[in-house]
Amino acid sequence: ALHAIEQGRDDEADRWLARAVTRHQAPGIAWFRAGLAWQSRSDLARAERALREAQRIDGDEAEVAFALAGVLLSQGKGAEARPLLQ
């Protein structure tokens, strides 16, 4: 998925992630890494979606919350980011 994201093949990455959720031992990690890849490509909407999914799966992971907060802040969503930073 990360290679597809880096090359802008987002539909392919989405399909891979959908399969990963059912097969991967830690699907939250797949979503987290995809979110970071989309963030580095400045596709903040997709990054937010992926990081929210990672948070839904692994809600107690501080790294996920921090990354999601950063994406939200970058989009001017400070009120949504604030609880993630506390």
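Tutor: Contact here means heavy atoms within 4.5 Å. This is a predicted model, where local features need pLDDT of at least 70, side-chain atom pairs count only at pLDDT 80 or more, and totals for chains, interfaces and linings use all residues. Residues are numbered from 1 along each chain as its sequence is written, and side-chain values use heavy atoms, with hydrogens and water left out.

Student: OK, what does Asp-43 touch, not counting residues up to four places away in sequence?

Tutor: Asp-10 and Trp-38, with that exclusion applied.

Student: And is Asp-43 buried or exposed?

Tutor: Asp-43 counts as buried because its relative accessible area is 18%; buried means under 20%, exposed over 50%, partly exposed in between (1.4 Å probe, protein chains only). Its side chain also reaches the backbone nitrogen of Arg-46, at 3.2 Å.

Student: Where's Asp-43 placed?

Tutor: In the loop between α3 and α4. Helices are DSSP runs (H or I, at least four residues), numbered from the N terminus.

Student: Which residues of α4 are buried?

Tutor: Ala-47, Glu-48, Ala-50, Leu-51 and Ala-54. Their cover includes α3 (27-40), α5 and α6 (78-85).

Student: Switching topic: where is confidence lowest in the chain?

Tutor: In α2, with a mean of 88, while helix α5 (residues 62-74) is highest at 97. That's pLDDT, the predictor's confidence in each residue, from 0 to 100. The chain average is 93.

Student: What about Ala-18, where is that?

Tutor: Ala-18 sits in helix α2 (residues 10-23). At 47% relative accessible area, Ala-18 is partly exposed.

How values were computed. Helix = DSSP H or I, 4+ residues; strand = E, 2+ residues; numbered from the N terminus. Polar contact = N/O pair within 3.5 Å; in protein donor to acceptor, adjacent residues only side chain to side chain.
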